[in-house]
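Student: Hey, can we go through this one together? I'd like to start with what counts as a touch.

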Amino acid sequence: VASGCIKDAQGVLHSQDADFLLACMPELGLTSADILPYRLEAALTPAVAAKLEKIALDKQTMLAVAQKWSDKEVVLVEGVGGLAAPLLDDYLVVDYFADLNLPIVLVTNNRLGCINHTVLSVKYAQSKGLKVLGIIVNLWEENTADILATSNLQYMQSLTGVPIIGKFPKVNLPLTARALADYAEQYLDLDGLIAQLQITEGERK
């Protein structure tokens, strides 16, 4: 489910994130409906946006979309609004991940206060039985990193026991799929992440 979608000239709602993901993998021949059964216009948490637009969200429908591909592909599910964001009144993003038994990669910004919300998010995910594979720090500026920036990384890692697997810089938008892949290769520890995923998959079996 995506909120904050934009209507095109024909009045069809589009999620910019979903459209970009589809553009990154054209060889799979997927449509937006294959990965996103619900599109909401209001830029609000899905539970609220759905009520405003009189759309009944069904968690089984949302689960089925990810489960459909789970035996065939590596499935990446992006959260919406954080782990505690309500998809339904009594069903949060973290509940969705728990029902799918997905390991977590947490993305955080490097700014004042990020230690608190990063540590709390990791602990909250773990309290639901989810494994947190790593933390990606977004909007990292290597050339201007000061004591605030560097100490944030130190404490996020030491207080959670979860590795920092990437420091992603501020980039100019829009990005092409190729450009984003190049940034990922350069700034994220993809080999480490894949190794963690393989360990996690082995533990499940």
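Predicted model: local features only at pLDDT ≥ 70, side-chain atom pairs only at ≥ 80, totals over all residues.

Student: New topic. At what angle do the axes of α4 and α5 cross?

Tutor: Roughly 45 degrees, and the axes come within 11 Å. That makes α4 oblique to α5, and the crossing is right-handed.

Student: Which residues meet there?

Tutor: From α4, Met 62, Leu 63, Ala 66 and Gln 67 meet Tyr 96, Asp 99 and Leu 100 of α5. By class, that contact has 5 nonpolar, 1 polar and 1 charged residues.

Student: And how many aromatic pairs does the structure hold?

Tutor: There are 4 aromatic pairs. One of them is Tyr 96 with Phe 97: the ring centres are 6.3 Å apart and the planes sit at 50 degrees, so the pair is tilted. Tyr 96 and Phe 97 are both buried.

Student: How are Phe 168 and Tyr 187 arranged?

Tutor: Edge-to-face, with 6.4 Å centre to centre and 65 degrees between the planes. Phe 168 is in strand β7 and Tyr 187 in helix α8, 19 residues apart.

Student: Which of those two is buried and which is partly exposed?

Tutor: Phe 168 is buried at 12% relative accessible area, while Tyr 187 is partly exposed at 31%. Together with Tyr 183, Phe 168 and Tyr 187 form one aromatic cluster.

How values were computed
Residues numbered from 1 in each chain as written. Heavy atoms only, no water. Axes fitted to C-alpha atoms, helices over the stretch in contact; angles between N-to-C directions. Helix = DSSP H or I, 4+ residues; strand = E, 2+ residues; numbered from the N terminus. Parallel < 35°, antiparallel > 145°, perpendicular 65-115°, else oblique. Left-handed = near helix turned anticlockwise from the far one by under 90°. Contact = heavy atoms within 4.5 Å. Nonpolar A, V, L, I, M, F, W, Y, C, P; charged D, E, K, R; others polar. Phe/Tyr/Trp six-rings, centres within 6.5 Å; stacked < 30°, edge-to-face > 60°. Buried < 20%, exposed > 50% of the residue type's maximum accessible area, 1.4 Å probe, protein only.
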